[in-house]
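Hi everyone, thanks for making time today. I'd like to walk you through one structure, and please stop me whenever you want a closer look.

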Amino acid sequence: MLPVLLSFRLIAGLSSPGRRAVGILEGHRELNAADEFEDLRSKDKDSLRARMDRWCDGHPGPKKWFHGWNEPGYRECMVFKLNDHRFYGFKCHPLPNSNPAFLLCVLNIHVYKRETETDDAELDRVSQWRTNLGAQSAIAQVYSEY
């Protein structure tokens with residue numbers, strides 16, 4: 001079996017590019033955030049991008065738009081919300097030498113969700129992608145220090 005070749009791309013045009021950024025991991029059937037993001041209506045995509053801009057500018061919320069978790073094992077997880085859409089990802093510091101405060105959110109999994117509580121299985125999947133060597137290599141194609 002051939003290894004899966006993953007790729008990573010930044011979501012262009014977000015604010016505060018020297019402070020924070022959001023990108024998308026793709027190349028595996030489980031990594032559906034990219035397709036779902038691209039399939040959003042233009043108006044919804046603009047709304048979601050505005051929420052990402054807010055996070056990139058350092059705002060802590062509101063939680064109905066985006067948030068992370070404080071529980072051990074999930075502290076690096078992040079979600080951006082829009083109606084029933086949930087775009088899950090993980091946070092990392094891809095520039096440890098040149099800009100250690102820089103924070104990147106790597107979106108990878110999308111789910112439709114109507115209930116208020118997050119299924120820990122989704123966060124477990126996100127965490128698995130965070131430690132995946134292929135994912136790390138794909139991010140390093142954009143951020144060579146990672």
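This is a predicted model: local features need pLDDT of at least 70, side-chain atom pairs count only at pLDDT 80 or more; totals for chains, interfaces and linings use all residues.

Residues are numbered from 1 along each chain as its sequence is written, and side-chain values use heavy atoms, leaving out hydrogens and water.

Let's begin with the backbone. As background, most residues other than glycine have a negative phi, and most peptide bonds are trans. Asn83 counts as exposed, because its relative accessible area is 57%. When I say helix or strand, I mean DSSP runs (H or I with at least four residues for helices, E with at least two for strands), numbered from the N terminus.

Ser16 also deserves a look: its phi is near 50°, again positive in a residue other than glycine. You'll find Ser16 in the loop between strand E1 (7–10) and strand E2 (20–26). With a relative accessible area of 26%, Ser16 is partly exposed.

And where is the cis peptide bond? It joins Gly61 and Pro62, with omega at about 20°. Pro62 belongs to the loop between helix H2 (42–56) and strand E3 (66–68).

Now to the charges. I call something a salt bridge when a side-chain nitrogen of Lys or Arg is within 4 Å of a carboxyl oxygen of Asp or Glu. How many salt bridges does this rule give? The count comes to 7.

Take Glu38 and Lys45, whose side chains meet in a salt bridge at 3.2 Å, N to O. Lys45 is buried because its relative accessible area is 18%, while Glu38 is partly exposed at 38%. Both residues belong to a network of salt bridges that links Arg9, Glu26, Glu38 and Lys45.

Then there is Arg41 with Asp44, where the closest N and O atoms of the salt bridge are 3.1 Å apart.

In helix H3, have a look at Glu122 and Arg125. Their salt bridge has its closest N and O atoms 3.7 Å apart. The two are 3 residues apart in helix H3, which means about one helical turn separates them. Glu122 is buried at 15% relative accessibility, and Arg125 is partly exposed at 25%.

At 43% relative accessibility, Asp120 counts as partly exposed. Asp120 is one of five members of a negative surface patch, formed with Glu71, Glu115, Asp119 and Asp124. A patch here takes residues with over 30% relative accessible area and no salt bridge, and joins like charges within 9 Å. Asp and Glu count as negative, and the place of the charge is taken as CG of Asp or CD of Glu. Gln128 is in helix H3 too, and at 55% relative accessibility it counts as exposed. Gln128 and Lys113 are 15 residues apart in sequence, with their C-alpha atoms 21 Å apart in space.

Finally, two residues in strands. Lys81 is in strand E4 (residues 77–82), and at 16% relative accessibility Lys81 counts as buried. What lies 3.1 Å from a polar atom of the Lys81 side chain? The backbone oxygen of Lys63 does.

Gly89 is in strand E5 (residues 85–92). Its relative accessible area is 0%, so Gly89 is buried.

Definitions and conventions:
Patches are made of residues with over 30% relative accessible area and no salt bridge: like charges are joined within 9 Å, nonpolar side chains (Val, Leu, Ile, Met, Phe, Trp, Tyr) within 5 Å. Accessible areas come from the Shrake-Rupley method with a 1.4 Å probe; for residues, only the protein chains shown count as cover. Buried means under 20% relative accessible area, exposed over 50%, partly exposed in between (1.4 Å probe, protein chains only). A polar contact is a pair of N or O atoms within 3.5 Å; within protein, one must be able to donate a hydrogen and the other to accept it, and residues adjacent in sequence count only if both atoms are side-chain atoms.
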